[in-house]
Amino acid sequence: MQYYSLAKQSPQVDFKTAAITGQAPDKGLYFPTQIPVFTAQQIERFKTLDKASLAFEVMKPYVGGCIDDASLQQICAETIHFDFPLVPITDTILSLELFHGPTLAFKDVGARFMSRCLGYFSKQARAEKPSTVLVATSGDTGGAVANGFLGVQGVDVIILYPKGKVSPIQELQLTTCGQNITALEVEGSFDDCQAMVKDAFMDADLNASYNLTSANSINVARWLPQQLYYFFAWQQWIKLYGDTTPMHIVVPSGNFGNICAGMMAKASGLPLGHFVAACNANDVVTRYLASEKYEVRKAVATVSNAMDVGNPSNFVRILEIMQNNFASLTKVLSSYSFDDAHTASTIHSVYKTHNYILDPHGAVAFLAAEKYLAENSNSTGNIARAIILETAHPVKFPEVVEQSIEQKIEIPASVAFLLDKQKVSIPMQPSFDAFKSWMLGKA
Ligand SMILES: *Cc1c(COP(=O)(O)O)cnc(C)c1O
């Protein structure tokens with residue numbers, strides 16, 4: 001399996017190079033030269049396969065021989081060793097809980113898979129410099145990357161986060177790891193952090209001293225394993241409803257990496273229903289699907305802040321899956337956008353009516369699921385049903401959730417231990433020059 005750049009100006013590379021470099025030299029995103037297609041017999045077998053074996057079979061074609069089978073099996077087993085339960089909220093809407101990993105967010109899976117791939121490649125090439133992963137985070141990504149890469153030999157991680165703008169639990173997740181993880185507390189905004197990281201990737205001096213790579217969903221090693229959620233959801237769905245009821249899927253979307261991975265799973269033969277992208281006020285894609293006009297906007301801040309993205313980087317990959325055909329795209333994908341007031345009142349009403357605590361991202365998805373099902377119920381008596389991907393544990397967003405449900409949320413043991421830990425961070429001015437001289441001083 002080879003990967004080509006969607007900007008079409010760079011040579012094809014294998015999985016290893018795509019994972020190590022993140023983005024193509026022409027700044028395009030990598031995309032597989034052919035999407036693997038599973039036969040009907042394979043799909044039949046997938047119904048009952050254990051999670052680790054299923055993960056191995058799904059990922060193997062994408063890795064394309066760059067990792068030996070035994071190592072890939074181990075990487076897959078470590079990546080998915082927590083639960084992904086499908087929990088009914090109402091008669092027609094179920095929640096696929098993706099927050100049972102170590103940092104309580106779905107990004108744990110991609111971060112772990114990617115970290116172990118980079119660790120494997122670094123062990124292979126002993127003479128080379130270690131990889132240095134640079135990440136700018138508004139909260140969730142940093143924690144998942146820190147936790148996923150902690151202790152991985154041959155890979156150093158530097159996380160830039162905006163001072164005072166991540167939640168207390170998120171900050172502890174970023175700043176208490178130690179070892180190969182360094183947190184820089186930037187006196188600025190998330191956009192400042194992101195600009196500093198972008199400049200670093202372009203800087204000749206830093207690239208001479210470091211093997212720099214990114215750990216966001218641009219990287220194929222983080223993006224592609226997200227397909228696994230959809231396979232795990234489908235295994236549970238067919239036990240509940242059989243294999244003839246379509247499983248419609250609503251995904252809270254920011255950079256569109258997660259939903260795009262689901263559309264890859266469908267393109268490779270997994271029988272999934274309709275996709276719905278649930279968005280907050282950052283509604284570039286919602287407006288595009290309604291108008292065929294793609295207008296980038298500056299991101300606005302919302303209570304579902306992991307979806308505050310003005311120009312979703314993975315949307316070009318969705319267009320590529322659909323061969324840039326707008327009519328085909330609108331047959332498989334819808335999108336709705338909701339404001340913060342709606343989001344908060346939905347957390348309240350779903351808790352009161354169904355005794356289920358949504359996080360703000362899941363709440364946007366719930367609203368989109370209700371709307372999609374209302375617009376697409378038919379008169380033949382068949383009940384349409386959908387799943388929402390619940391991407392984070394509500395405890396990660398205590399302010400809005402506790403206010404909406406009018407009570408405290410219990411802190412799960414997997415993060416409670418953090419509360420006794422000491423934050424360690426390096427203060428940093430929001431300037432690339434300051435960041436660069438710190439990096440060069442370290443090299
Ligand atoms: C990252 C994130 C999202 C958005 O996922 P994309 O793949 O960027 O669309 C949604 N919810 C939560 C909690 C996240 O952390």
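Select Val87 and Ser95: in S4, Ser95 is the bridge partner of Val87. Bear in mind as you click around that this is a predicted model. Now widen the selection to the two strands, S3 and S4 (residues 93-97), which pair in the antiparallel sense over three bridges.

Next, bring up the whole sheet they belong to. Six strands make an open, mixed sheet, and the order to follow is S3-S4-S12-S9-S10-S11. Which strands stand at the edges? Those are S3 (86-88) and S11 (333-337); each has a single partner strand, so one side of each is left without a neighbour in the sheet. Ignoring direction, neighbouring strands here are turned by 25° against each other on average.

For the side chains, pick Tyr229, Tyr230 and Phe231 in H11, which meet Asn258, Ile259, Ala261, Gly262 and Ala265 in H12. Colour that contact by class and you get six nonpolar residues, two polar and no charged ones.

Now over to another sheet. Five strands form an open sheet with parallel pairing, in the order S8-S5-S6-S7-S13. At its edges stand S8 (211-214) and S13 (426-428), each with a single partner strand, so one side of each has no neighbour in the sheet. The twist averages 30° from one strand to the next. Zoom in on S5 (residues 131-136) and S6 (residues 155-162), a parallel pair with six bridges; Val133 stands opposite Val157 in S6.

Last stop: the ligand. There are 15 residues around it, and those that come nearest are Lys107, Asp140, Gly254, Asn255 and Thr391. Start with Lys107, where a polar side-chain atom lies 2.4 Å from an oxygen atom of the ligand. Move to Asp140, with a side-chain N or O atom 2.7 Å from a ligand oxygen. At Gly254, look at the backbone instead: an N or O atom there lies 2.8 Å from an oxygen atom of the ligand. How much of the ligand's accessible area does the protein cover? It covers 96% of the 380 Å² that the ligand has on its own. Finally, colour the shell by class: six nonpolar residues, seven polar and two charged.

How values were computed
Residues are numbered from 1 along each chain as its sequence is written. This is a predicted model: local features need pLDDT of at least 70, side-chain atom pairs count only at pLDDT 80 or more; totals for chains, interfaces and linings use all residues. Side-chain values use heavy atoms; hydrogens and water are left out. A residue is near a molecule or strand if one of its heavy atoms lies within 4 Å of it. A polar contact is a pair of N or O atoms within 3.5 Å; within protein, one must be able to donate a hydrogen and the other to accept it, and residues adjacent in sequence count only if both atoms are side-chain atoms. Accessible areas come from the Shrake-Rupley method with a 1.4 Å probe; for residues, only the protein chains shown count as cover. Ala, Val, Leu, Ile, Met, Phe, Trp, Tyr, Cys and Pro count as nonpolar, Asp, Glu, Lys and Arg as charged, and the others, Gly among them, as polar. Two strands pair if DSSP finds at least two bridges between them. Helices (H or I, at least four residues) and strands (E, at least two) are DSSP runs, numbered from the N terminus. Axes are lines fitted to C-alpha atoms, for helices over the stretch in contact, and angles run from 0 to 180 degrees between N-to-C directions. Contact means heavy atoms within 4.5 Å.
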